[in-house]
Amino acid sequence: MKELQPINQQVLLELTEDKSEQKTTAGIIIPDSAKESQKTVKVAALSAIENAEVAIGDVVLYKEYSGTQIDFEGKHYLLIPYTDILSKVVETEAI
């Protein structure tokens, strides 16, 4: 079995594609080229980063236009520098 293991302070994010057809309220179909790219994704792997604030499985928000897209064994990934992660999505209790 092969897997991608990031090095040099890199983080591997797993991209999932939204296959559903999107329409405006008027019924106009939005083509894939006009859709905004997803900015929150799940961390698939990360290099040995001292005191990392994220872990594998966390959902994070990252900088727009960051990283390199990779297709590996039928899955789509984004490899970005650790410093391009802006925040971690966490569940909180309602007040």
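Buried means under 20% relative accessible area, exposed over 50%, and partly exposed in between, with a 1.4 Å probe and protein chains only. The model is predicted, so that local features need pLDDT of at least 70 and side-chain atom pairs count only at pLDDT 80 or more, whereas totals for chains, interfaces and linings use all residues. Residues are numbered from 1 along each chain as its sequence is written, and side-chain values use heavy atoms, with hydrogens and water left out.

**View 1. Ser-47 in the loop between β4 and β5.** Ser-47 counts as buried at 8% relative accessibility, and its side chain reaches the backbone nitrogen of Gln-9 at 3.1 Å. Not counting residues up to four places away in sequence, Ser-47 touches (heavy atoms within 4.5 Å) Pro-6, Ile-7, Asn-8, Gln-9 and Gln-10.

**View 2. The salt bridge between Lys-88 and Asp-58.** Two salt bridges (a side-chain nitrogen of Lys or Arg within 4 Å of a carboxyl oxygen of Asp or Glu) are present in the structure. In the one between Lys-88 and Asp-58, the closest N and O atoms are 3.9 Å apart. Lys-88 is partly exposed, with a relative accessible area of 37%.

**View 3. The salt bridge between Asp-84 and Lys-63.** Here the closest N and O atoms are 3.6 Å apart. Asp-84 lies in the loop between β7 (75-81) and β8, and Lys-63 in the loop between β5 and β6 (68-72), so the pair ties together parts that are 21 residues apart in sequence. Asp-84 is buried, with a relative accessible area of 13%, whereas Lys-63 is partly exposed at 37%.

Methods: Helices (H or I, at least four residues) and strands (E, at least two) are DSSP runs, numbered from the N terminus. A polar contact is a pair of N or O atoms within 3.5 Å; within protein, one must be able to donate a hydrogen and the other to accept it, and residues adjacent in sequence count only if both atoms are side-chain atoms.
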